[in-house]
Amino acid sequence: MTIFAVLKTQLSSIMDDHDFERSFLKEFIIPTYILVSESETIEVPDVPKFPVLVFVNSSSGGQLGGDLLVTYRGLLNKDQVLDVGEEAPDKALRRIYLNLEKLKASGDQYAAQVEERLRIIVAGGDGTAGWLLGVVCDLKLSHPPPVATVPLGTGNNLPFAFGWGKKNPGTDRHSVIQFLQQVMQAKEMKIDNWHILMRMKTPKEDYNCDPIAPLELPHSLHAFHRVSETDELNEEGYLTFRGGFWNYFSMGMDAQVSYAFHSERKLHPEKFKNQLVNQSTYAKLGCTQGWFCASLFHPSPRNIAHLAKVKIMRRHGHEQWQDLQIPNSIRSIVCLNLPSFSGGLNPWGTPNSNKTRDRELTPPYVDDGLLEVVGFRDAWHGLVLLAPKGHGTRLAQAHRIRFEFHKGAADHTYMRIDGEPWKQPLPVDDDTVVVEISHLGQVNMLATHDCRSRSVHDSSPVSHSDGDGSFGDGSFSDEDDSVEDGEERRKFGAAETFKIPDEVDITHLS
């Protein structure tokens, strides 16, 4: 074969690849007139089968976020690829859906079909993904689009739970096209939303007990917001805060280590440009914070049992509080919605048939309206999760949880929502600080067909392969108490809840 024949064959192959790429991408591309109001309406081809809006945090993953933004804009319509640092998701989605409504009102069937088929891709850390999910929930759309998550953070628990991996992805054209192929083949899954409410008495003058002081606000704790005096959740004489989460709420020493990591990253962002370096730094902080020698560095008054009284409602239809007895050795408690925590570990595991029968425990389904409550003594206890059948101390499953912090237990503790930690003051002149978590609705996710998350509607049962649980399951009593069924159970928050305040630097959002 002559060199000209070889070149001709190669050129033909390149053209075939180009034609395939163009044919493939047209199934995702949304015309500009759909996205931008008042733009010129043009003749458009067939409706794309998988129209997507792509939200990228260009500050995530070091340079990866910016590179990914460029690649997506080169492959798709640049107007359908948005940088959350340039336009917040709530503003972008309101603008686009308002335009869709106008077009549908004028009889545009193309717009109606795009809205019906729309999917969302969010590239960033768990904080960015949670921000987007909060906005989608609060917009209360008639057909909310399902969301796929690209792992650009450090832990990447949300992407890992739904099969998108936990390692930072490639940013070249080929890698992005591969991801779009996965989005095309993905299935929809519903996951539970969880509302969190914190209430405390108004402190004495000159005492700042805001749980989130402006300078200490975690970079994406936008889901935790102080309610206004006119809000129905407000009670005279109290400060009330509310928000939501999808993966987990944790309290105790694990949140303390996370807080140290985020504080260090805020002070020295130049040192946190690589996922592997971030994970190594996190492990080192776990040592310096005493998580591996908790009995020496962590005073017992800060153990969960001494710090808070915990109550739960176990199942729907049983609306009475029960005291949850926490073992004295537990220094960290996690209320888990997804089977992915601390970089993809599953603290709950799969209870065996004996546990299922005797304690009425179930596998960790993502849409059963229940949180798995797990305790840990220290980091060595946490390492048990690396074993095939390892799990933490299973305390309970509940659809509502209440933490009551009483005067004098400690002057502060550490809390964390979906990877974003904060230092929570506990005022010494306050009788009780209450944190209450309740189920509130569901949101649609996109998942690969082999993802680790399981639905109660899955046809394939989860195997009961768990061992005897040699690391212990916490006991709890069956004492009942009355409960007021307030409005806070039914309200997740307005879109204002999920706006990142002006004083927060978006470049530090995970």
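This note sets out numbered points on the predicted model, from its confidence to individual helices, strands and side-chain pairs.

1. Confidence. The protein has a mean pLDDT of 75, and 67% of its residues reach 70 or more. Two stretches call for separate mention. Residues 211-215 have pLDDT below 50, and this stretch makes 14 contacts in the model beyond near neighbours in sequence. Over residues 217-223 the pLDDT likewise stays under 50, while the model gives them 34 contacts beyond four places in sequence.

2. Helix H4, geometry and surroundings. H4 contains 17 residues and spans 24 Å from its first C-alpha to its last, close to the 24 Å expected at 1.5 Å a residue. Its buried residues are Pro-89, Asp-90, Ala-92, Leu-93, Ile-96, Tyr-97, Asn-99, Leu-100 and Leu-103. An α-helix has 3.6 residues a turn, so residues three or four places apart point the same way.

3. The side chains of Glu-115 and Lys-104 meet in a salt bridge with an N to O distance of 2.5 Å. This pair links distant parts of the chain, since Glu-115 belongs to helix H5 (residues 109-117) and Lys-104 to helix H4, 11 residues apart. Glu-115 is buried, at a relative accessible area of 6%, whereas Lys-104 is partly exposed at 29%.

4. Glu-86 sits in the loop between strand S2 (81-83) and helix H4 (89-105), and Arg-73 is in helix H3 (residues 64-75), so the pair ties together parts that are 13 residues apart in sequence. Glu-86 is exposed, with a relative accessible area of 58%, and Arg-73 is partly exposed, with 30%.

5. Side chains of opposite charge can pair when their charged atoms come close. The model holds nine salt bridges in total. One of them joins the side chains of Arg-402 and Glu-404 at 2.8 Å, N to O. Arg-402 is partly exposed, at 21% relative accessible area, and Glu-404 counts as buried, at 12% relative accessibility. Salt bridges with shared partners bring Arg-400, Arg-402, Glu-404 and Glu-436 together in one network. The cut-off matters for Arg-402: buried means under 20% relative accessible area, so its 21% places the residue in the partly exposed class.

6. A polar contact of 3.2 Å connects the side chain of Arg-199 with the side chain of Thr-240.

7. The S15-S16 hairpin. Strand S15 (residues 412-417) pairs with S16 in the antiparallel sense over six bridges. Within this pairing, His-412 stands opposite Pro-425 of S16. Two residues separate the strands of the hairpin, and Asp-418 in the turn has a positive phi of about 45 degrees. S16, which runs over residues 420-425, is mostly covered, with five of its six residues buried.

8. Positive phi at non-glycine residues in loops. Glu-38 has a positive phi near 70 degrees although the residue is not glycine. Glu-38 is placed in the loop between helix H2 (32-35) and strand S1 (52-56), and at 76% relative accessibility Glu-38 counts as exposed. Lys-140, also a residue other than glycine, has a positive phi near 50 degrees. The loop holding Lys-140 lies between helix H6 (126-139) and strand S4 (147-151). Lys-140 is exposed, with a relative accessible area of 64%.

How values were computed
Residues numbered from 1 in each chain as written. Predicted model: local features only at pLDDT ≥ 70, side-chain atom pairs only at ≥ 80, totals over all residues. Heavy atoms only, no water. Buried < 20%, exposed > 50% of the residue type's maximum accessible area, 1.4 Å probe, protein only. Helix = DSSP H or I, 4+ residues; strand = E, 2+ residues; numbered from the N terminus. Pairing = 2+ DSSP bridges. Polar contact = N/O pair within 3.5 Å; in protein donor to acceptor, adjacent residues only side chain to side chain. Salt bridge = Lys/Arg side-chain N within 4 Å of Asp/Glu carboxyl O. pLDDT = per-residue confidence, 0-100. Contact = heavy atoms within 4.5 Å. Expected span 1.5 Å × (residues − 1).
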